[in-house]
Amino acid sequence: MPKERIAMHITLDMTELADVLIHPVYAGESFPYALNEARKRQGTMTWLYARSAGEADVLAAGMGERCAVTLERVRRAGGAAARTLLQEGRGSATLLRHPGTAIGVGVGGRESIESGAAWLQAWIEGWLLGLYRFDKYRNVTKISGSVKLNLRSADWPELSAAGLNPVIQTAMHRAESTNLTRDWVNETPGTLNPDAFVEWTRDLFKDRPVNIYVYRGQELTERGMNGLLAVGAGSKHAPALIELRYEACPDAPMLALVGKAITFDMGGMNAKTGRDISDARMDMGGAAAVIGALDILVRQQAKVRVTALIAVADNLPDARATLPSSVIAYPNGLTVQIANTDGEGRLVLADALIHAAGLGAAQAIDIATLTGNVGDALGLGIAGIWGDADMTSELARIGEHNGERLWPMPLMDDYESELRSNYADLRNVGTSTLAGAITAALFIRRFVDKSMNWVHIDMAGTVQYKQDVGYAEAGATGYGARLLADYAVNYARKCDAGKAPGNGARNATEDVSEDVSENTSRNEARNAAGLVSGDVSVNESRKQEGAL
């Protein structure tokens, strides 16, 4: 994503009059202007135009009842406000907080440093995410311009002027990395193919404390990564496994983040049909989420030990493509009948998970746009998660706070009969059309070493929206980047306390990591989220179009 496209202009105590004053308004509470209660419902934006040239226009952002406000509702209000101003061609706005009002972000009405910082960070995140547009290929329909957000330090007495800057920087880090994820998922397959994915990844993390190694060709063969080799056989672009190591805390247990990067999923020889299969370019959404998460962690100088593993390939029909009924073998001794070449994601994830265990990972999270079936079950607003109960509980808790929601799904052992093959150990797809997301998770589980705690996230439904929603425009949502980064930081803290699964102890009920708004001091809150101040500018090394 080119630097000039990021309209991330946040100012403090701007002296000149802003174009617009933004008032968050709450149901049942007073407001300086006449406003119907219906206009205070969450998600409602109402213009109150100035009566004279010396006044600024007012935008009332409906928040609903204060006691019901969550950080995600704040993010959505910030994003909706930003988009409303952008569509109106406005250049700047000042966010106002009424004197003496509590924040109220689901913490029992407690007014504190943490709740103020969390509320403001959520608003800025939503604002910056709401301004995002993938307009690289637009000409006459491109929306030009940007909107500056001004904050008044006097409105945040619980935060010193010095305390406001880390909040702003953290929000910018998270928004920039999420928008990076969006850019990669939105990109066209002619531009972002497996070769380009490798090069973009190298460019993104060069000159940063990340060790990069790319397995290709003969190295894949020698390591028995036959899933990648089979899936990528029909493409002119060779498949690869990208290994990225960020070890700011090298003595901590390793967390592996495993992402599926099928840059275009035509289905292989079981070719997809349809009037428009443009969404097949988004089948690398899981890998983009892993890339975005690692970018957040590096920006924030988080004290974690994370290895990202990206399995990248095209799944195309060709004379060289793998044929249905082919059998491949994996290093863990299992053989797999490829009954349907459109069930390719689980084949490449198997390679990466076996590799993660070989590296000594204590925990592994695989994330993928794996099945349409999960969208049928859960819709477009929530992803499915399978696997370790403690990891699932923690990830679901984090998702409720940052808006990247998860719903625990069952690993039904009885359904494993669907994966029986007459001439191999397994088949890659079930024999029926039912419970496809569950049988896919069951397949992946067979490649998880007992030494690792593991969860599988199927984000096929949440990778994109078909229309503008909250702080996401139609297209890629950036789902997963903040979720994975937040989990990595919380996992490192739990490991340090000796209470994380995969670190010699399990505790399914104790929640060591608290949300930023619930900690006891601002410094503790910043440590909990890995919020170490860092460079907020766009990395100059990212030269390619479509990458931040």
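Q: What makes a pair of side chains a salt bridge here, and how many are there?
A: A salt bridge is a side-chain nitrogen of Lys or Arg within 4 Å of a carboxyl oxygen of Asp or Glu. By this rule the count comes to 33. This is a predicted model, in which local features need pLDDT of at least 70 and side-chain atom pairs count only at pLDDT 80 or more, while totals for chains, interfaces and linings use all residues. Residues are numbered from 1 along each chain as its sequence is written, and side-chain values use heavy atoms, with hydrogens and water left out.

Q: Why is the contact of Glu199 with Arg202 called a salt bridge?
A: The N to O distance between the side chains of Glu199 and Arg202 is 3.0 Å, and the rule asks for within 4 Å, so the pair qualifies. Both residues lie in helix H4 (residues 194–205), 3 residues apart, about one turn of the helix. Helices (H or I, at least four residues) and strands (E, at least two) are DSSP runs, numbered from the N terminus.

Q: Why is Glu199 called partly exposed?
A: Buried means under 20% relative accessible area, exposed over 50%, and partly exposed in between (1.4 Å probe, protein chains only). Glu199 has 35% relative accessibility, so the term partly exposed applies. Arg202, at 33%, is also partly exposed.

Q: How do you know whether Asp283 and Lys260 are buried or exposed?
A: The relative accessible area is 8% for Asp283 and 1% for Lys260. Each value is under 20%, so both residues count as buried.

Q: What links Asp283 and Lys260, and which parts of the chain does the pair tie together?
A: Their side chains meet in a salt bridge (3.0 Å, N to O). Asp283 lies in the loop between strand S9 (255–265) and helix H7 (285–299) and Lys260 in strand S9, so the pair ties together parts that are 23 residues apart in sequence.

Q: What makes the 62 residues that include Trp184 and Leu297 a nonpolar core?
A: A nonpolar core is a set of buried Ala, Val, Leu, Ile, Met, Phe, Trp, Tyr and Cys residues joined through side-chain atoms within 4.5 Å. In the largest such core, of 62 residues, Trp184, Phe197, Ile291, Leu294, Leu297 and Ile365 touch the most other members. A second, separate core of 47 residues includes Ala352, Ala368, Ala441 and Ile444.

Q: Which residues does Leu297 touch?
A: Contact means heavy atoms within 4.5 Å. Not counting residues up to four places away in sequence, Leu297 touches Tyr246, Ala302, Val304, Val306, Ala485, Ala488 and Val489.
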